[in-house]
Amino acid sequence: MSFVTDIPPASSEDTFRHFSARLSLETDCADVADAFATGCVDFVLLHVVGSSETFAKKHIPGALHLPHRDITEERMADWPEDTVFVTYCAGPHCNGADRAAVKLAELGRPVKIMIGGLTGWEDEGFAFSGSEVTAAAE
């Protein structure tokens with residue numbers, strides 16, 4: 001018996017519940033990129049960390065800069081109550097997307113995090129927007 005099977009896998013029912021729950025809380029870079037590429041954007045993508053200057057240099061196309069510290073009931077009133085938000089941050093080493101998701105959930109807003117963040121986006125080979133990106137292309 002290996003360390004892999006030393007603890008038996010969960011039942012199919014438990015596995016289904018677990019991964020379905022994860023998918024209700026997370027999305028990935030490829031799914032976000034596909035939504036923008038096909039015009040099926042039924043969510044607001046939020047870049048939730050860093051300064052406005054950092055965002056202006058490099059961000060995911062279509063994202064809005066709204067740091068998690070600025071997520072308030074007053075600020076979120078700009079969107080209908082049923083708006084789905086997708087938060088992202090720097091990457092797996094950053095918990096900004098999680099912090100933003102908690103704040104949005106506390107406000108009763110539907111939210112998912114985009115796992116991987118900027119690091120995952122780059123690893124997938126997707127393009128960025130911003131002045132740093134424009135300068136690099138020149």
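Me: What is a salt bridge, and which residue forms one with aspartate 78?

Reply: A salt bridge is a side-chain nitrogen of Lys or Arg within 4 Å of a carboxyl oxygen of Asp or Glu. Side chains of opposite charge can pair when their charged atoms come close. In this structure the partner of aspartate 78 is arginine 75, with the closest N and O atoms 2.4 Å apart. The model is predicted, so local features need pLDDT of at least 70 and side-chain atom pairs count only at pLDDT 80 or more, while totals for chains, interfaces and linings use all residues. Residues are numbered from 1 along each chain as its sequence is written, and side-chain values use heavy atoms, with hydrogens and water left out.

Me: How many salt bridges does the structure hold?

Reply: The structure holds 4 salt bridges. Among them is the pair of aspartate 14 and arginine 17, whose side chains meet at 2.3 Å, N to O. These two residues are 3 apart in helix α2 (residues 12-25), and are therefore separated by about one helical turn. Helices (H or I, at least four residues) and strands (E, at least two) are DSSP runs, numbered from the N terminus. Another of the salt bridges joins arginine 22 to glutamate 26, where the closest N and O atoms are 3.3 Å apart.

Me: Which residues touch the most other members of the largest nonpolar core?

Reply: In soluble globular proteins, nonpolar side chains tend to be buried together. A nonpolar core is a set of buried Ala, Val, Leu, Ile, Met, Phe, Trp, Tyr and Cys residues joined through side-chain atoms within 4.5 Å. Here the largest core has 16 residues, and Leu46, Met76, Phe85 and Leu104 touch the most other members. Two or more residues of this core come from each of β2 (44-47), α6 (96-106) and β5 (111-115). The element that gives the most is α6, with 4 residues. Apart from this core lies another, of 15 residues, including Ala33, Ala35, Leu45 and Leu118.

Me: With which residues is leucine 104 in contact, leaving aside its neighbours within four places in sequence?

Reply: Contact means heavy atoms within 4.5 Å. With those neighbours left aside, leucine 104 is in contact with Leu46, Ile71, Met76, Phe85, Thr87, Arg109 and Val111.

Me: Where does arginine 69 lie?

Reply: Arginine 69 is in the loop between β3 (64-65) and α5 (73-76), and is exposed at a relative accessible area of 54%. Neighbours within four places in sequence aside, arginine 69 is in contact with Gly50 and Lys103.

Me: How many disulfides does the structure hold?

Reply: A disulfide is a covalent bond between the sulfur atoms of two cysteines. The criterion is a pair of cysteine sulfur atoms within 2.5 Å. The structure holds 0 disulfides. For cysteine 29, the closest cysteine sulfur is that of cysteine 89, which at 10 Å is too far for a bond. Cysteine 40 is in no disulfide either, as the nearest cysteine sulfur, in cysteine 29, is 18 Å away. Cysteine 29 is buried at 4% relative accessibility, whereas cysteine 40 is exposed at 52%.

Note on methods:
Buried < 20%, exposed > 50% of the residue type's maximum accessible area, 1.4 Å probe, protein only.
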